[in-house]
Amino acid sequence: MTEDLNQLLRNLPKIDEILRLVEKENPSRRIPREYMVRIGRDVVREIRERVREAGAAALVPSPGEAARRVLERIDLLGRPSLRKVVNATGIILHTNLGRAPLCGEALARLIEVARGYSNLEYNLEEGERGLRYDHVRSLLCALTGAEDALVVNNNAAAVLLVLNSLAEGKEALVSRGELIEIGGEFRIPEVMEKSGVILREVGTTNRTHGSDYERAVGERTGMILKVHTSNFRILGFTGEVPLPELVRIGRERAVPVMNDLGSGCFINLGEYGFADEPTVREAVATGVDVVTFSGDKLLGGPQAGIVLGKRSYLERIARNPLNRALRIDKLTLAALEGTLRLYLDPEGPASLPVYRALLESPDHVEKKARALMRKLKPLESSFEITLKKGVSLPGGGSLPTEEVETVLVVLRPRTLTASRLGKKLRMLDVPVIARVSQEEVLLDLRTVDGGEIVFIEKGLKEIASRENAGEEPRR
Ligand SMILES: *Cc1c(COP(=O)(O)O)cnc(C)c1O
């Protein structure tokens, strides 16, 4: 270490001095001194690390500047971190933005149950312990034709639980073309390993035949697993074994067959001009032993994993101690019940936010876009604002090859770069998440509720006026 660097490190702002300045601002009333000291130490440590990295040329902040950083962090602690954003990306089931927004009915159920006590695990008729799944079991069975139903924390948990319950220590046969990864952390081969099941690949990446499964079934086979390739398609010379054929193979050889549907759609999207996503009811009707899918993809509800199937298997799954670790919580259950109840009415699903967005006509999106454009008229000195055609995406690993026509609001900032504007939109009090491409910021109002447009309008006005005043934003 050079003498210069040593000198610099000795001259860093001292923690006591920083804290004295911080206390002068008197935030100690809001945060215990112990936390303040910890934040102060963090800031000093970061400054020291930065100086070590940058060497003697490093800029060392003054004690006042260091105190300001501490105050900023104390301020952030008091503000909610998880909060509402406006999704202007046009990606309807955006996993990073929380997937499906809930419908009013689900929200009402959630608030009622969250606010006080509930009969979560209490049988009111008998006055004794009940089961939490009972609240959605008959709804799920009625809507899908399944014999029995169970719900857990999410679909990854459902897959893990079913594999472990029915095939631990044995082989599960999966087509090579279905060994998929979803969103980075969920990979079928890894989940299988963790569930204690031995993966036995059958077929090839692009083609798998019924005979591949038939040849692979043996003494050690515990299950046949079919995975819906939710987030990609193999095109060209391909072949997969349809579920009914797998069900037949499983039945002839007394091996349970499980289908991980991924999205788990309850309505026939073919009727709306989309590619045929197998509905849950169709999958159940094949006689498959167990089906799993997510609550917050095309179902349009809260994060949950739904397991449907034959009663004898579901009883084994329910008794697995893992089930207790993966169980669904009461708020989710309440929201799920509210969502499912909507499906009893054939017109119901159309009022789910996911389907309102997916089925909204490009003309209607354009109307919202024009309304926003009119409101932004006064900002023309800051942004060039136009409209253009584009596509929205279903997202969330569902309908991978589908694109939905849309109309985009195009913002070309006159002084900022597009990526700076994108960041400024994200840093608003109500963050607006847009698409940023080269020199344009694109707003797709398909995923923006009419009542949310005002957040975009206000946000852009705020950004433009700060820009004109030459101010730096607060954050
Ligand atoms: C999305 C998906 C999962 C994971 O579901 P989560 O509810 O996100 O845990 C598992 N399998 C398939 C096929 C999926 O599409």
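How many helices and strands does the protein chain have? In this predicted model, the count comes to 18 helices and 18 strands. Of the chain's 475 residues, 48% count as buried. The chain exposes about 24,100 Å², with carbon and sulfur atoms supplying 49% of that area. As for contacts with a separation of 6 or more, 75% of them link residues 24 or more positions apart.

Helix α7 spans residues 155–167 and helix α12 covers residues 311–319; their axes come within 9 Å and cross at roughly 105 degrees. That angle falls between 65 and 115 degrees, so α7 is roughly perpendicular to α12. On the α7 side, the residues involved are L161, V162, S165 and L166, and they meet Y313, R316 and I317 of α12. Sorted by class, this contact has 5 nonpolar residues, plus 1 polar and 1 charged.

Is N323 buried or exposed? Its relative accessibility is 2%, so N323 counts as buried. Leaving aside residues up to four places away in sequence, N323 touches Y133, L150, V152, L161, I317 and A318. Two of these names, L161 and I317, also turn up in the contact of α7 with α12. A polar atom of the N323 side chain lies 3.1 Å from the backbone oxygen of A318.

Technical notes:
Residues are numbered from 1 along each chain as its sequence is written. This is a predicted model: local features need pLDDT of at least 70, side-chain atom pairs count only at pLDDT 80 or more; totals for chains, interfaces and linings use all residues. Side-chain values use heavy atoms; hydrogens and water are left out. Axes are lines fitted to C-alpha atoms, for helices over the stretch in contact, and angles run from 0 to 180 degrees between N-to-C directions. Helices (H or I, at least four residues) and strands (E, at least two) are DSSP runs, numbered from the N terminus. Angles under 35 degrees count as roughly parallel, over 145 as roughly antiparallel, 65 to 115 as roughly perpendicular and the rest as oblique. Contact means heavy atoms within 4.5 Å. Ala, Val, Leu, Ile, Met, Phe, Trp, Tyr, Cys and Pro count as nonpolar, Asp, Glu, Lys and Arg as charged, and the others, Gly among them, as polar. Buried means under 20% relative accessible area, exposed over 50%, partly exposed in between (1.4 Å probe, protein chains only). A polar contact is a pair of N or O atoms within 3.5 Å; within protein, one must be able to donate a hydrogen and the other to accept it, and residues adjacent in sequence count only if both atoms are side-chain atoms. Accessible areas come from the Shrake-Rupley method with a 1.4 Å probe; for residues, only the protein chains shown count as cover.
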